[in-house]
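Visitor: I would like to go through this structure with you, one topic at a time. Could you show it first?

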Amino acid sequence: MSAILTVEHLTMRFGGLVAVNDLSFEAERGAITALIGPNGAGKTTVFNCVTGFYKPTVGTIRLAGDAGAEHLLERLPDFRIAREARVARTFQNIRLFPGMSLLENLMVAQHNPLMRASGFTVLGLVGWPTFTAAEQEAIERARYWLERIGLAARADDPAGELPYGAQRRLEIARAMCTVPRLLCLDEPAAGLNARESAELDELLLFIRSEHDTSILLIEHDMSVVMKICDRIVVLDYGVKIAEGPPARVRDDPKVIAAYLGVEEDDVDTAEAEAGL
Amino acid sequence: MARAAVRHDLAAALKSATLAGLAALGLFGLIVGVRTDTGPTGALIYYTRFDDVVLLVAAVFAGTLARELLFGRSGIARGRLVPERLKAVAAPLARFAAPALLGFALILPVVFYHNRYVLDLGILVLTYVMLGWGLNIVVGLAGLLDLGYVAFYAVGAYSYALLAQHFGLSFWICLPLAGILAAFWGVMLGFPVLRLRGDYLAIVTLAFGEIIRIVLLNWQDVTGGPNGISSIPRPSFFGIPFNNDDNGFAALFGLEFSATHRIVFLFYLILALALITNWVTIRLRRLPIGRAWEALREDEIACRSLGINTTNTKLTAFAIGAMFGGFAGAFFATRQGFISPESFSFVESALILAIVVLGGMGSQLGVAVAAVVTIGGFELFREFAVYRMLVFGAAMVLVMAWRPRGLVGTRLPSVFLAKRKAIDATLVKEGHG
């Protein structure tokens, strides 16, 4: 399998604080890759670098595009990463458009193709037939995802009225409406109950099997990570301490040390091994 | 039991009203009660106006008492102000409000043909309706607080005045040019303020409005400075002048010459311009650009994560809003025949913004109603002279207390699957500037 996302020597400094230090990892095409680590390990910083919300201090982030093309994400502004490299993301604290209906939320996600179809508003203003067709297609795509996440009946309700779990699903559906190559999910299972969490697993596995979208996710919920992820990258203090399939990562002593803490004597050895 | 509770309420209300009355006495006692003036010899004299103080304190006392008795301590609840039954009757009526207003606007010149005052007032109100709708794009849809909107109105007015005077261009050629020039200045304003939000954006747009006004005031060679530009060409009926000549409007259409023809024409002209603004805005809301504006108002970061170029989106909002301001400005110049920087002070910007906020940000009908109420009300209270501002301010405070989201606060989705349902105002964001 080839890599969809290649991160090399990524370093992000905020003044004197090194949030991410010389991190290299790959996310495979068609796979679900998880980025885990204790609080403050730098996971969200990596996400913000990949999606262009931060510009990394050092390092390259490459995304494999169509026909061998490559997008250098560290050089693109955030909206062009979403538009051209087609990397979509969700947020740790959900960022929907609360005063717009579910359908409108999903229509905004299809802004760029619709904008082109509307002849940058000129053709759309006079109701050009190609635009009407494109709009209908966009509505159908939105309907497809609403049915997928079980919210088709609430399509015309405002997003702000949805319960928390449904908002999480809607945010994923909205990201999927951009037809992304890589979907970055920032703690998608945070705050979900057991049933909602199971639905989320199902949705992510569906995306992996039925759509040409690779997934990179940050997660605290180990059950989600162990169940659905193909590959895990573990961060601690901005440094990668382990990488591999779930079974191997779970038994890695450094990971256990980072998550559960260790005896006083073992700290030095663990840190020495982690290269700190 | 019930009687005891009522008596207790009355006692509490009296107490609270007395307190409010005392506070009012403290406030007004010296400020209103004692007045200083220059005496006949040039010395400072003072006189008292305690009767006014008594009136004010009595008004505060009575108002507080009434509020306490009607609403109790819980504050003014809108639900208790408008009974449910009345609401049920009013809801279907609201659907006919827009067609009714439009119908009234269409027949107004026919009904009030001989009432010049009403026609002039109608033109004035419609100018503000158009300005309100134009600013609504920037403030209501894109959520960018613009305190300098009058600058674009000024650019439009001066564009028409200068182009018509120096190059002899007709109104119909100048109108799009004025719009384009205003849109250009909208983009010029947009660039520096792209990174600003909220209060900072408001301050810079306010400064921009003042800059334009001060340039107009000081660039004597071009703008005539404080003297303004006079004898701006009046509009013609698509090339046919409104005069008493043989080839004038009246003669050609076999009518007796009357100055009212031009006024009626101006009325329908501004009505058409306003309706075009409205139509374009409604269309734009249903296009990707309009949805992006509203999404920008809701959450800018989410917009960027979806691949929306927020820079361009903001600039188009500024440009299109400014363009309609420019159209309105060109109309203003041709109607007045005389313009000076005085017409484009900050108060105008504030008034237009007040119309948009009062009407309900983003609502076309709300803004139109607010313009009618504000400008019409202003004229209605003309005889109250100095108290006019007081009444206007009080009315505004009351409306904002009862309907914090404006007259029409709900938002209708631009697209729907099964049924278009109004979205409650509390969910809709106002934007961060």
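**Domains, helices and the chain contact**

Guide: In this predicted model, the centres of domain 1 of chain A and domain 2 of chain A, taken over C-alpha atoms, are separated by 28 Å.

Visitor: Where do the bounds of domain 1 and domain 2 of chain A fall?

Guide: The domain assignment gives chain A a domain 1 made of 1-86 + 180-276, and a domain 2 covering 95-178.

Visitor: How many residues of domain 1 of chain A are in contact with domain 2 of chain A?

Guide: On the domain 1 side of chain A there are 12 residues, in contact with 10 residues of domain 2 of chain A.

Visitor: And which elements give two or more residues to the domain 1 side?

Guide: They are α2 (78-85), β7 (182-186) and α8 (194-210) of chain A. The largest share, 3 residues, comes from α8(A). By class, this side of domain 1 of chain A has 8 nonpolar, 1 polar and 3 charged residues.

Visitor: Now chain A as a whole: how many helices and strands are there?

Guide: Chain A contains 12 helices and 10 strands. Its radius of gyration is 20 Å, close to the 19 Å that the globule rule gives for 276 residues, so chain A is as compact as a globular protein of that length. The C-alpha trace of chain A spans about 75 × 40 × 35 Å along its principal axes.

Visitor: Let us turn to chain B. How is chain B divided?

Guide: Chain B has a domain 1 (2-75) and a domain 2 (115-402). Between the centres of these two domains of chain B, taken over C-alpha atoms, lie 41 Å.

Visitor: At what angle do α7 and α14 of chain B pack?

Guide: Helix α7 (residues 171-193) and helix α14 (residues 310-336) of chain B pack at about 140°, and their axes are 7 Å apart. The two helices, α7(B) and α14(B), are therefore oblique to each other.

Visitor: Is the crossing left-handed or right-handed?

Guide: The crossing of α7(B) with α14(B) is right-handed. Sorted by class, the residues of this contact are 18 nonpolar, 8 polar and 1 charged.

Visitor: Last topic, the contact between the chains. How many residues does each chain give?

Guide: Chain B gives 33 residues and chain A gives 34 residues. On the side of chain B that touches chain A, α12 (288-298) and α13 (300-305) of chain B each supply at least two residues.

Visitor: Which element gives the most to that side of chain B?

Guide: That is α12(B), with 7 residues. The side of chain B that touches chain A divides into 17 nonpolar, 5 polar and 11 charged residues.

Key:
Residues are numbered from 1 along each chain as its sequence is written. Chains are lettered from A and ligands numbered from 1 in the order in which they are written. This is a predicted model: local features need pLDDT of at least 70, side-chain atom pairs count only at pLDDT 80 or more; totals for chains, interfaces and linings use all residues. Two residues are in contact if their C-beta atoms, placed from the backbone, lie within 7 Å. Helices (H or I, at least four residues) and strands (E, at least two) are DSSP runs, numbered from the N terminus. Ala, Val, Leu, Ile, Met, Phe, Trp, Tyr, Cys and Pro count as nonpolar, Asp, Glu, Lys and Arg as charged, and the others, Gly among them, as polar. Axes are lines fitted to C-alpha atoms, for helices over the stretch in contact, and angles run from 0 to 180 degrees between N-to-C directions. Angles under 35 degrees count as roughly parallel, over 145 as roughly antiparallel, 65 to 115 as roughly perpendicular and the rest as oblique. A crossing is left-handed if the near helix is turned anticlockwise from the far one by less than a right angle, and right-handed if clockwise. Domain bounds come from an automatic or database domain assignment. The radius of gyration is taken over C-alpha atoms; the globule rule is 2.2 Å times the number of residues to the power 0.38.
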